[in-house]
Amino acid sequence: MRHLPRLRGAVSASLCCSSPTHIRTTTAVAAVATTSSSSTKTQSLQRRTLSTSLPRSDAVEAYTPPQGLKPPPQARKAAVRPDKITDPAYEPAQDGLELEEVGGLDGWWENPDNYGVGRQWVGYGPAEKITDPAVLEVAVYRALVEAMVARRQMNTPDTTPARDALLESGWGPAALTATTVQTKLCGGSHGTLILKPTEDVETATAAEQEAEVTEEAKEQLEAAVTPEQEAEVVEAKEEVTAVASERVAEITEETKEEAETGVASGQETETEVKEEVDATEDSADHVISTEEARALLKEIGHEWKRPMIKDLIYKYFVAKRIYKLTGHRIPDGKLVAINSGGVLLKEIVKPPKAKKLAEEIENKQLFQSLPNVKVFPRRVTPIDKEKMVGRWKVIREELERRGLPVIGTANIDNAIEKKWVTGAK
Amino acid sequence: MAGKGMRCLSEAMRGLSLGAQTCRTVPVRTAPLISRRSMATEAPVSKITRSVAEKWTPITTVPVTVHSFPDLAPRSLETYSAKHLYLPLRRDILHLAVVYEGDNTRQGTAQAKTRWEVAGSHRKVRPQKGSGRARVGNKQSPLQRGGGKSHGPRNRDFGTKLNRKVYDLAWRTALSYRYRRGELIVTEDGLDLPLPEDFLQQAQDGLLTRELEDAFIEKYVGEMLGAMQWGKAHGRTTFITGEERMNLFTAMGVAGENGRALELEDVDVKDLLETGRIVVERSALKEMIKRHRSDLVTSIFLPGQKNTKETTMGTVVYPSSKVSYA
């Protein structure tokens, strides 16, 4: 007896979109949370979400429904009755095994012609997680840079579409990774991660390192500066802010241009740009290779791993970006504990978890020094023990010679006397 | 001679005793600072203690990313109080709650007839004496075949009690346990399973039999959850929604080996602890916490007084217009 409600039809599904019924806690905030993004547009269209908002009108025009689902033939053909058969060569089957198997809809969907193609799940990140440590490290660094740019943009009004585009874009051409990675990250005067100022800024006073991510640091700095130095610091701050905003604008411009045209770098000349377009036309999303990643890692260095990451929104951007680039979803519970680039990297670059204890022990090379400890991947059976001492072959031959079952008890029951003794029913 | 010798000895001993010396400074041999070093291998200073000067700032809020479903794109960021989603694991409290729920879920409807409930005449089966057989009363006796059952099961309530505050703490502890392990995935409101349009159309047009519908859903959901690493091979998934969603609930009923779907009203602590992960829509999560925080908020309201124990729940951090950046 089934108690399941049946599927909602296509027409009623669209109707239910217009009148969503939520439980009473649904507030106005829900509207904020249900903003759809451009990158997942096609995905959300391929699979219809019945109870969320309707697809956009521009998307509907570009939408072609998936084809390929083949319903079973509706007309059924019945076999001719034995007494109506005119074929003289016909011989009726004597039992069921002789019958030819025809028809039936078992495994109908196992045939790709019936099931259709292109129904696999498409997630936010790549289909397969990246596991190469070098590539992961580059991806993490790139995510840190891009997320910081996005975070800085948040003060500027009307940058939400650009920010979303930046955070939700894929790897892009290979040169984009190389360009992005050239942006240096380092520790600020309060130990938080910042974009490394350019050379002329570096030569200035220590106070002008103030390009911190958090407001807290800014306040602390202000508290530490004496009124005499204040004017100086303000000047320095303005300078740094200008430089930083230039850098942000530069990166944003680069990213925008590259996202739109697939061009590697905005600094290149037009002829180079054209060549680059030709070269990267067919490789829109280029995940860098291990060799490329290793070369980039030499440039990146290790300076970025130690400084603190405190800002929550920045962490969220980083996690989102890493998920998009590598397929590693950083759980919120882990996000709490991540307080530096190094910790973040350690969280992502991990060997796959062993499924069995024996595998874990083998991977960690435990008990190697103990001569009296052996680890087996499964239970050591009596047969295994006999094999270890080389007696199993003899036992097997003897059992076979006597016509006894080698493994198990065949059809031989337990001794009947056992019942009499124990009184079991 | 001998006595004098003894006296001398005892006097000498007395003179050496500590009590005889009224004030005695114990000579302490202090080595110069540079050479003060033990011969043993020195253990590194433990990091479990912290400097008093260092200010202890415990975590007060924790982030929750709201994802879209099924592509799991992060859409927004909210914060919840650490008392809601970052509680330490208390196995004892979880055990209390699960046992309490189990007790209260028992039907307790088993009942066997006693000798007084078995129908029939209460006539004496045979005379007390003279038959050569054992004495017997009536045929309802528990000793007789077809007689009543002595000490059989009776209808009763197996329910036990648990303090509301303990139960609520257990509920949030279970959520926190999932959160800490990264097994709590929060989605946008309206969590439902999108099924392919062409399939829905054909199902509505009656082109598919019920068996074919089920087979399609089983295959589709199995492949989808398998690709997400949420399926049978990864410990199944529990979906929690505020109300019944037709496609999701039907699909999870058919493809039950890959997970289950529950309405908020049907969820209890044990459900939160089962399966590989919990996928819950944000409004359902908020409602869950709202219903289970009796130890955090006071039920006594005085005019003009704010509930000071109230903690943040689902505050949207991003996207928000109020965000500023230094």
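The largest nonpolar core of this predicted model has 105 residues, a core here being a set of buried Ala, Val, Leu, Ile, Met, Phe, Trp, Tyr and Cys residues joined through C-beta atoms within 7 Å. A139(A), V140(A), L144(A), I322(A) and A170(B) have the most contacts inside this core. The biggest contribution comes from helix α6 (residues 133-153) of chain A, which supplies 13 residues. In soluble globular proteins, nonpolar side chains tend to be buried together.

A few words on conventions. Residues are numbered from 1 along each chain as its sequence is written, while chains are lettered from A and ligands numbered from 1 in the order in which they are written. As the model is predicted, local features need pLDDT of at least 70 and side-chain atom pairs count only at pLDDT 80 or more, whereas totals for chains, interfaces and linings use all residues. Helices (H or I, at least four residues) and strands (E, at least two) are DSSP runs, numbered from the N terminus.

Back to α6(A): 19 of its 21 residues are buried, leaving the helix mostly covered. Buried means that 20 or more other C-beta atoms lie within 10 Å of a residue's own; exposed means 12 or fewer, partly exposed is in between, and C-beta atoms are placed from the backbone. From first C-alpha to last, α6(A) reaches 30 Å, close to the 30 Å expected at 1.5 Å a residue (the expected span is 1.5 Å times one less than the number of residues). I322(A) touches A139(A), V140(A), A143(A), H328(A), I330(A) and I348(A), leaving aside neighbours within four places in sequence; contact means C-beta atoms, placed from the backbone, within 7 Å. Helix α19 (residues 392-402) of chain A is another story: zero of its eleven residues are buried, so it lies largely in the open. Just after α19(A) comes G403(A), with a positive phi of about 75°.

Chain B splits into domain 1 (61-106 + 159-298 + 310-318) and domain 2 (110-131 + 138-157), with bounds from an automatic or database domain assignment. Their C-alpha centres lie 51 Å apart.

Chain B also has an open sheet of seven strands with mixed pairing, in the order β5-β4-β6-β3-β1-β2-β7. The edges are taken by β5 (259-263) and β7 (315-318), each with a single partner strand, so one side of each is left without a neighbour in the sheet. Neighbouring strands are turned by 30° against each other on average, direction ignored. Pairing requires at least two DSSP bridges between two strands.

Within this sheet, all five residues of strand β6 (residues 277-281) are buried, so β6(B) is largely enclosed by the rest of the structure. R277(B), V279(B) and E281(B) point one way, I278(B) and V280(B) the other. Strand β3 (residues 184-187) of chain B pairs with β6(B) in the parallel sense over four bridges, with L184(B) opposite I278(B). Strand β4 (residues 237-241) of chain B likewise runs parallel to β6(B) over four bridges, and I240(B) stands opposite V280(B).

Strand β1 (residues 61-67) of chain B is antiparallel to strand β2 (residues 74-81) of chain B, joined by seven bridges. V62(B) has Y80(B) as its bridge partner, and H67(B) stands opposite P74(B). Six residues separate the strands of this hairpin, in which L72(B) takes a positive phi near 60°. Two bridges join β1(B) to β3(B) in parallel, with H67(B) opposite T187(B). Seven of the seven residues of β1(B) are buried, so this strand too is largely enclosed by the rest of the structure.

Conventions:
Two residues are in contact if their C-beta atoms, placed from the backbone, lie within 7 Å. Axes are lines fitted to C-alpha atoms, for helices over the stretch in contact, and angles run from 0 to 180 degrees between N-to-C directions.
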